[in-house]
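Thanks for asking me to look this one over.

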Amino acid sequence: MRRTLAACCAAHFLVDFACAFLVFRFLGRSGELSALLLAYNFCAFAVQMPLGLLADRWDRDGTLAAAGILTVAMAYALTAFPWLAALAAGLGNAAFHVGAGLETLSVSRKKAGPLGLFVSPGAVGLFCGTVLGKGGAFPAWIAVILLLLAAAALLLTKTPRPGAETSPELPPFRAVGLPLLALLGVVILRSWVGMGLTFPWKGKGHWAAVLVLALAAGKAVGGYLADRFGFRKTAAVSLALSAVLLLLARVHPMAGTAAIFLFNMTMPLTLWASARLLPSARGFAFGLLTFGLFLGFLPVAFGVGLSAPMAA
């Protein structure tokens with residue numbers, strides 16, 4: 001279990017790092033960065049839902065994750081064709097997340113803590129990839145080699161899915177529809193806030209990096225706190241405190257950092273809850289919520305951002 005989880009976490013960092021690095025080092029030169037980002041995010045997030053349906057019928061989660069990593073690596077060979085590179089990176093990212101997410105669910109033993117650990121390194125990888133991609137000094141071949149090593153690690157540590165379903169069945173909508181829509185709404189809101197929320201101090205000094213670390217830490221801690229204190233209590237307390245702290249976030253960086261930390265504690269909770277609602281179609285459940293991430297990205301892509309409220 002620990003080897004599988006460690007491989008999935010490390011690969012998550014590397015895949016998101018490699019995708020961000022590719023986009024900002026190579027695709028930005030085309031002059032179509034906004035359109036390429038939209039296409040990349042559609043493939044990376046929205047395509048996870050149909051891929052999840054396929055994965056539910058195919059007990060090869062580790063293999064799917066490794067194939068996704070190799071597809072991201074292949075995108076580096078397509079940088080002369082920006083649209084092909086963006087599509088390959090996005091599709092590879094989607095395949096990795098579905099496969100590695102299902103691997104993590106398989107070894108989590110009905111706990112949310114491991115799921116929180118899995119999702120947390122992605123934001124740090126995106127941040128590092130963006131910074132180094134814009135910087136222009138980091139060699140691209142190192143990213144490709146690290147991806148190949150990550151794919152090999154996943155293949156060596158993959159775990160058979162317990163009780164794999166060959167014909168997953170979706171329960172009646174009346175039984176799970178409203179809870180799933182509520183979870184989807186939470187994910188859309190969290191995505192929009194995470195991508196579009198701005199603070200006056202965010203670009204000053206080290207605060208951008210501190211916010212990313214707080215975001216990742218919130219995801220990592222949220223699952224374990226839910227296992228310890230219960231899901232409803234963890235979600236209610238973290239969201240309530242986050243809302244209060246956001247009122248102070250505009251002028252107090254520490255309050256804003258704490259608000260981001262608390263707000264992101266819900267991410268592993270929503271993923272875990274959706275998998276519990278659809279136990280024989282966990283890949284679809286996973287993909288449904290990542291589709292919510294894409295929906296939350298759309299307002300930001302079209303210039304509808306957020307700013308922290310001013311305390312009264």
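Below are my numbered points, starting with the aromatic rings and moving on to helices, surface and distances.

1. A word before the details: please keep in mind that this is a predicted model. Everything below is computed from that model.

2. Aromatic pairs. The model holds 10 aromatic pairs. One of them joins F17 and F138, with ring centres 5.6 Å apart and planes at 80°. That angle makes the pair edge-to-face, because edge-to-face applies to planes over 60 degrees apart. F17 belongs to helix α1 (residues 2–25), while F138 sits in the loop between α7 (121–135) and α8 (140–157), so the pair links parts of the chain that are distant, 121 residues apart. F17 has a relative accessible area of 6% and is therefore buried.

3. A second pair worth a click. F42 and F294 are also edge-to-face, at 5.5 Å centre to centre and 75° between the planes. Since F42 lies in helix α2 and F294 in helix α14 (residues 282–301), this pair ties together parts that are 252 residues apart in sequence. Are the two partners buried or exposed? F42, at 42% relative accessibility, counts as partly exposed, whereas F294 is buried, with a relative accessible area of 8%.

4. The aromatic cluster. F17 and F138 turn up again here: together with F13, F21, F26 and Y76 they form one aromatic cluster.

5. Charges over rings. Two cases are listed here. K134 places its charged end over the ring of F24, 5.1 Å from the ring centre. R228 lies over the face of F229, and the distance to that ring centre is 4.9 Å.

6. How far apart should its ends be? With 20 residues at 1.5 Å a residue, α14 should span 28 Å, and its end C-alpha atoms are 29 Å apart, so the two values agree. Of its 20 residues, 14 are buried, which means that α14 is largely enclosed by the rest of the structure.

7. A nonpolar surface patch. W141, I145, L146 and L149 make up a nonpolar patch on the surface, and their accessible area together is about 410 Å². L146 is part of helix α8. Its relative accessible area is 31%, so L146 is partly exposed. That value is over the 30% that a patch residue needs.

8. At 36% relative accessibility, A35 is partly exposed. Between A35 and A153 there are 34 Å, C-alpha to C-alpha, and the two are 118 residues apart in sequence.

9. Two buried positions. A226 is in helix α10 (residues 207–229) and counts as buried because its relative accessibility is 2%. A226 and V144 are 82 residues apart in sequence, with 36 Å between their C-alpha atoms. S120 lies in the loop between α6 (113–119) and α7. With a relative accessible area of 8%, S120 is buried, as that is under 20%. S120 and A214 are 94 residues apart in sequence, yet their C-alpha atoms are 9.9 Å apart in space.

How values were computed
Residues numbered from 1 in each chain as written. Predicted model: local features only at pLDDT ≥ 70, side-chain atom pairs only at ≥ 80, totals over all residues. Heavy atoms only, no water. Buried < 20%, exposed > 50% of the residue type's maximum accessible area, 1.4 Å probe, protein only. Phe/Tyr/Trp six-rings, centres within 6.5 Å; stacked < 30°, edge-to-face > 60°. Helix = DSSP H or I, 4+ residues; strand = E, 2+ residues; numbered from the N terminus. Lys NZ or Arg CZ within 6 Å of the ring centre and 35° of its normal. Expected span 1.5 Å × (residues − 1). Patch = residues over 30% accessible without salt bridge, like charges linked within 9 Å, V, L, I, M, F, W, Y side chains within 5 Å. Areas by Shrake-Rupley, 256 points an atom, 1.4 Å probe, with all protein chains shown as cover. Salt bridge = Lys/Arg side-chain N within 4 Å of Asp/Glu carboxyl O.
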